[in-house]
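Please prepare a briefing on the structure shown below.

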Protein chains: 2
Amino acid sequence: MRKGELTHQTILETAVRLASRVGLQGLSIGGLAEELGLSKSGLFAHFKSKTELQVQVLEAASVVFTERVVRPALGKARGEPRVRALFDGWLTWDRDALLEGGCIFVAAAAELDDAPGPARDTLVQGQRDWLDCLAQAARIAVAEGHFREALDVEQFAHDQYSVMLGFHHAKRLMRDPQAEARARRAFDALVTAARTPTS
Amino acid sequence: MRKGELTHQTILETAVRLASRVGLQGLSIGGLAEELGLSKSGLFAHFKSKTELQVQVLEAASVVFTERVVRPALGKARGEPRVRALFDGWLTWDRDALLEGGCIFVAAAAELDDAPGPARDTLVQGQRDWLDCLAQAARIAVAEGHFREALDVEQFAHDQYSVMLGFHHAKRLMRDPQAEARARRAFDALVTAARTPTS
DNA sequence: GCACGAAAAGCACGACCGTTCTATGAAGAG
DNA sequence: CTCTTCATAGAACGGTCGTGCTTTTCGTGC
């Protein structure tokens, strides 16, 4: 691998971690360069613009996310175990040391929801993929007979993500020590409701 | 009322609207001044610092929130109707024209979750009040016999807020036209589960 | 080992940031 | 009407932002 590509990768790793703390807007070229011991212009040369940096940060974070959350879950048994593994994986991800500032996607979602542009597009696509992944896992659980036939899997994915967002809020903003217990209880209720036929 | 206090109020109104779009960090003194046709220093004189401006923006938003969401719900019948009214009120709030950028508290939560200081403290206190309000409404619903005796009302408040966060995400970031329908379905499931005794 | 190309540094720019100081205008009290 | 107090404007500050341009350093294929 070329030297440049290596530092490029190193930059992105640090950038992801930094962005999880200060956000994608708060992520400054100068600050990032200093953290890495590089010059501002030297770092800038790797990206033609700040927007491009933001996009690549989101893409890099997506790669890590897939590797750390999605792939391990794919190793689990099809159906409910995999659905639970995705949830557990996400909880781990949000608590991960790599993301001192909490899930970078949640932070970016609030920043970019009214800021059209490539960064927003990249984020939305990633979130869509993630929601599709959750829905697909639920669909498999239906096929396996773990979840009821008539389950609206997109709704299930949406609800699962809501629980995650609630966890993030309780944990990171409210510093609620019970955050994880609450999230697990909420998710269990969701799974239970998905198992039993419509009442 | 003094002339100064009047403009002070006008500034805050505009600031809340602007902050809902660009966030509390993105809210700049200069930009806000221009939007109001004031000079930067003239506006600044009303607040000793930007932090103080942020705090007052959050407080002003809380006042409006209480007036528009909480108070109307207090006019509803005790118990489940009031719980539902709080939820409906929040959906209206999030869609309100006053907040073109979506709920300012959700945006601020992501920005401030790792930024200790007066602004964060103010936000956390406001969110705590809101969650307490939701829990109290649920508690009354238990007392009225609408919800089951053993219901964990704090958990219910937490779950209700999670649904709201999920709605915000689906609506504002994903631009999902079904966002509101999904949120209502999720909330209905929550209420149904709260009604029936533990299964 | 040398030459060439890539990578990083250095420097400068215009713009905007929050903040301070000073001057000027208008509002209100007597 | 006058005098004082308060509200706003104007100009400037040091700093940081993203972004170019030029130069130097360094990795690498021949």
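In this predicted model, a polar side-chain atom of A:Thr7 lies 3.1 Å from a phosphate oxygen of DNA strand C; a polar contact here is a pair of N or O atoms within 3.5 Å, and within protein one must be able to donate a hydrogen and the other to accept it, with residues adjacent in sequence counting only if both atoms are side-chain atoms. Residues are numbered from 1 along each chain as its sequence is written, while chains are lettered from A and ligands numbered from 1 in the order in which they are written. Local features need pLDDT of at least 70, side-chain atom pairs count only at pLDDT 80 or more, totals for chains, interfaces and linings use all residues, and side-chain values use heavy atoms, with hydrogens and water left out.

**DNA strand C**

- Sugar or phosphate accounts for 58% of the atoms of DNA strand C within 4 Å of the protein, and bases for the rest.
- At least two residues of this surface come from each of α1 (3–26) and α3 (40–44) of chain A and α2 (29–36) and α3 (40–44) of chain B; helices are DSSP runs (H or I, at least four residues) and strands likewise (E, at least two), numbered from the N terminus.
- The surface near DNA strand C has four nonpolar, 11 polar and four charged residues, where Ala, Val, Leu, Ile, Met, Phe, Trp, Tyr, Cys and Pro count as nonpolar, Asp, Glu, Lys and Arg as charged, and the others, Gly among them, as polar.

**DNA strand D**

- DNA strand D is surrounded by 20 residues, of which A:Ser28, A:Lys50, B:Ser39, B:Ser41 and B:His46 are the closest.
- Of the atoms of DNA strand D within 4 Å of the protein, sugar or phosphate makes up 62% and bases the rest.
- The side chain of A:Ser28 has an N or O atom 2.8 Å from a phosphate oxygen of DNA strand D, a backbone N or O atom of A:Ile29 lies 3.0 Å from such an oxygen, and for the side chain of B:Lys3 the distance is 3.5 Å.
- Two or more residues of the surface near DNA strand D are given by each of α2 (29–36) and α3 of chain A and α1 (3–26) and α3 of chain B.
- By class, this surface has five nonpolar, 11 polar and four charged residues.

**Relation of the chains**

**Record annotations**

- UniProt, in an unreviewed entry, lists residues 5–65 of chain A as "domain: HTH tetR-type"; over these residues the chain is 84% helix and 0% strand.
- The unreviewed UniProt entry places the feature "DNA-binding region" at residues 28–47 of chain A, where the end C-alpha atoms are 13 Å apart.
- UniProt positions follow the numbering used here, feature names are shortened, and annotations may be inferred rather than shown by experiment.

Terms used:
Near = heavy atom within 4 Å.
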